[in-house]
Amino acid sequence: MGEPENKQSLEEKLRVSSGPELLLNILQKTVKHPLCVKHPPSVKYARCFLSELIRKHEAVHTEPLDELYEALAEVLMAEEPTQCHRSYLLPSGDSVTLSESTAIISHGTTGLVTWDAALYLAEWAIENPAAFAHRTVLELGSGAGLTGLAICKTCCPSTYVFSDCHSCVLEQLRGNILLNGLSLEPDTTAPERHPGHNAHDAESPRVTVAQLDWDVVTAPELAAFRPDVIIAADVLYCPETVISLVRVLQRLSACLKDQQAPDTYIAFTVRSPETCWLFTSELGQAGIPWEAVPHHNQKLFPYEEHSDMAILKLML
């Protein structure tokens with residue numbers, strides 16, 4: 001669910017509309033959409049959304065619209081669960097639905113919700129599917145799974161490895177993978193390649209979930225994944241994770257031997273210049289060159305308009 005229209009556009013349309021069709025159409029595309037009915041969003045979000053819609057309607061029309069108030073009444077009677085759903089529509093007509101924690105931080109981790117850079121990286125991937133098509137992708141710090149699920153559904157990777165270190169994040173991640181209709185291989189430290197595995201379903205990647213602690217994983221364990229592409233989104237939130245990430249990439253780079261270096265993309269929101277500087281500084285000390293990926297054009301998902309986001313391509 002997102003904003004029905006930009007504010008000015010919606011208010012203008014309400015002024016010139018004589019009947020309820022515009023608002024009924026908005027309801028059908030948001031809170032009454034089959035995806036939202038099946039997988040409800042946060043009660044708080046739905047309440048705020050409907051209250052704002054009613055406020056806009058009342059600003060230009062004196063006649064109340066029963067359907068709006070009935071929808072709000074349903075939401076007001078509902079209890080806020082600890083988990084809610086977010087659904088994202090893809091350009092293909094498919095969708096990604098995530099079960100997420102209603103708390104930004106819970107169980108001592110931020111990995112139970114989707115962060116802006118994950119949406120930004122997913123948009124870039126959808127615009128650049130060739131970067132992932134028929135390749136093995138290793139995602140570091142997968143969190144709720146938005147980026148990986150979007151790539152699996154739109155970019156045709158042969159194998160996709162979701163990874164994280166928190167057991168509660170991994171449990172939610174497995175649930176989200178199954179929720180989106182993907183088959184899940186048994187958990188493993190490093191999946192072997194099976195070229196014929198997807199012969200029955202050429203469009204469906206081989207999907208695994210790996211528990212990966214950046215501070216303890218060994219070089220051979222990392223090399224065993226044999227990734228063609230490595231990605232990570234919104235994992236640079238404190239100096240400790242920045243240093244751990246660079247060490248993991250350095251370990252992987254050192255054990256490539258005759259393997260071709262994987263294409264590596266790290267997406268992040270520039271929350272503080274110091275953290276960004278630390279990341280590029282640590283990359284320099286590790287001997288890992290990088291270049292900024294140009295900003296992409298399409299905005300498919302709702303995130304803060306003025307967020308300063310970046311994707312760096314690293315040369316391991």
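1. Contact here means heavy atoms within 4.5 Å. On that basis, residues 24 or more positions apart account for 69% of the contacts in the chain with a separation of 6 or more. The model is a predicted one, and the points below should be read accordingly.

2. Overall composition. The chain has 316 residues, and buried residues make up 49% of them. Its secondary structure comes to eleven helices and nine strands. The accessible surface is about 15800 Å², with 52% of that area belonging to carbon and sulfur atoms.

3. Nonpolar cores. The largest nonpolar core holds 41 residues, and within this core Phe-132, Phe-162 and Ile-231 touch the most other members. Helix H6 (residues 116–127) supplies the largest share of this core, nine residues. Apart from it lies another core, of 32 residues, which includes Trp-214, Ala-223, Val-248 and Ala-310.

4. Surroundings of Phe-132. Leaving aside residues up to four places away in sequence, Phe-132 touches Trp-124, Ala-125, Val-137, Ile-151, Cys-155, Cys-156, Pro-157, Val-229 and Ile-231. Ile-231, one of these neighbours, is also among the residues that touch the most other members of the largest core.

5. A search of the whole structure finds eight salt bridges. One of them joins Arg-86 and Glu-100, with the closest N and O atoms 3.2 Å apart. Arg-86 belongs to strand E1 (residues 83–89) and Glu-100 to strand E2 (residues 95–101), so this pair ties together parts that are 14 residues apart in sequence. How accessible is Arg-86? Arg-86 has a relative accessible area of 40% and is therefore partly exposed. Glu-100, at 1% relative accessibility, counts as buried, the cut-off for that class being under 20%.

6. Salt bridge Glu-185 to Arg-206. The side chains of Glu-185 and Arg-206 meet in a salt bridge at 3.6 Å, N to O. Glu-185 sits in the loop between helix H8 (167–179) and strand E5 (206–211), while Arg-206 is in strand E5, so the pair ties together parts that are 21 residues apart in sequence. Both Glu-185 and Arg-206 are buried.

7. Salt bridge Arg-271 to Asp-234. The closest N and O atoms of this pair are 3.1 Å apart. Arg-271 lies in the loop between strand E7 (263–269) and helix H11 (273–286), and Asp-234 lies in the loop between strand E6 (229–233) and helix H10 (239–254), so the bridge ties together parts that are 37 residues apart in sequence. Arg-271 counts as partly exposed at 49% relative accessibility, whereas Asp-234 counts as buried at 11%.

8. Salt-bridge network. Glu-52, Arg-55 and Lys-56 are linked in a network of salt bridges.

9. Helix H11. Does the span of H11 agree or disagree with what its 14 residues should give? At 1.5 Å a residue the helix should span 20 Å, and its end C-alpha atoms are 20 Å apart, which agrees. The buried residues of H11 are Thr-275, Leu-278, Phe-279, Thr-280, Ser-281, Glu-282, Leu-283 and Ala-286. An α-helix has 3.6 residues a turn, so residues three or four places apart point the same way. The buried residues of H11 pack against H10, E7, strand E8 (290–292) and strand E9 (309–315). Gly-287 follows H11 and has a positive phi, near 75°.

Notes:
Residues numbered from 1 in each chain as written. Predicted model: local features only at pLDDT ≥ 70, side-chain atom pairs only at ≥ 80, totals over all residues. Heavy atoms only, no water. Core = buried A, V, L, I, M, F, W, Y, C linked by side-chain atoms within 4.5 Å. Buried < 20%, exposed > 50% of the residue type's maximum accessible area, 1.4 Å probe, protein only. Helix = DSSP H or I, 4+ residues; strand = E, 2+ residues; numbered from the N terminus. Salt bridge = Lys/Arg side-chain N within 4 Å of Asp/Glu carboxyl O. Expected span 1.5 Å × (residues − 1). Areas by Shrake-Rupley, 256 points an atom, 1.4 Å probe, with all protein chains shown as cover.
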